[in-house]
Amino acid sequence: MSTPELAKKEQRILARAKDKIKTINENMLNSKGLTEAEANVAAKAGLIDPEQKYWWLELWQKGEREAERDEREGRSSSEFETAEDLLVYLHK
C-alpha cells in the first residue's frame with residue numbers, strides 16, 4: 001500500500017499529529033489529543049486506524065488522562081469475580 005500524497009498544509013498538520021501521538025504513547029498524563037484535522041490527516045497517512053480516530057481525539061484523551069490519574073491514585077475498583085459482585089459494588 002502506498003502512502004497518499006499530502007498537500008503542504010496536510011504535511012504540517014501531520015507533523016503536529018506525529019508529535020502528539022508520540023507524547024500520548026510516552027506520557028499520557030501530559031499529552032493532548034489530536035484535533036479532528038490532525039486525526040483525519042493521520043488516518044489518511046496510515047499513522048492511525050481510521051476506525052479508531054475517536055480514541056486519539058482530545059475529547060476522548062481527556063477521559064483517558066482522567067482514568068489514568070484515577071488508576072495511579074488508587075481510585076479504581078478491583079476486578080470482580082462475578083457480575084453479581086459488580087452489582088453489589090455499584091449499589092454501595
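Student: In which helix is arginine 65 found?
Tutor: Arginine 65 is found in helix H4, residues 58–72. Keep in mind that this is a predicted model.

Student: Why is arginine 65 counted as buried?
Tutor: Buried means under 20% relative accessible area. Arginine 65 has a relative accessibility of 7%, so it counts as buried.

Student: What is arginine 65 in contact with, leaving aside neighbours within four places in sequence?
Tutor: Its contacts are Met28, Leu29, Ser31, Lys32, Gly33 and Glu58.

Student: What is the span of H4 set against?
Tutor: H4 has 15 residues, and the expected span at 1.5 Å a residue is 21 Å. From its first C-alpha to its last, H4 reaches 21 Å, close to that expected value.

Student: What comes just after H4?
Tutor: Glycine 74, which takes a positive phi of about 75 degrees.

Student: Are lysine 20 and glutamate 38 buried or partly exposed?
Tutor: Buried is under 20%, exposed is over 50%, and partly exposed is in between. Lysine 20 has 22%, so it is partly exposed. Glutamate 38 has 2%, so it counts as buried.

Student: Which residues are linked with this pair in a network of salt bridges?
Tutor: The network links Arg16, Lys20 and Glu38.

Student: How many salt bridges does the structure hold?
Tutor: It holds 7. Among them, arginine 75 meets aspartate 70 at 2.7 Å, N to O, and glutamate 73 at 2.3 Å. Both values are within 4 Å, so both pairs qualify.

Student: Which residues of the largest nonpolar core touch the most other members?
Tutor: Of its 15 residues, these are Ile21, Leu34, Ala42, Ile48 and Trp56. Helix H1 (8–26) and helix H2 (36–44) are the elements that give two or more residues to this core. The largest share, 5 residues, comes from H1.

Student: What is isoleucine 48 in contact with, beyond four places in sequence?
Tutor: Isoleucine 48 is in contact with Ile21, Leu34, Ala39, Ala42, Ala43, Lys53 and Trp56.

Notes: Residues are numbered from 1 along each chain as its sequence is written. This is a predicted model: local features need pLDDT of at least 70, side-chain atom pairs count only at pLDDT 80 or more; totals for chains, interfaces and linings use all residues. Side-chain values use heavy atoms; hydrogens and water are left out. A nonpolar core is a set of buried Ala, Val, Leu, Ile, Met, Phe, Trp, Tyr and Cys residues joined through side-chain atoms within 4.5 Å. Buried means under 20% relative accessible area, exposed over 50%, partly exposed in between (1.4 Å probe, protein chains only). Helices (H or I, at least four residues) and strands (E, at least two) are DSSP runs, numbered from the N terminus. Contact means heavy atoms within 4.5 Å. A salt bridge is a side-chain nitrogen of Lys or Arg within 4 Å of a carboxyl oxygen of Asp or Glu. The expected span of a helix is 1.5 Å times one less than its number of residues.
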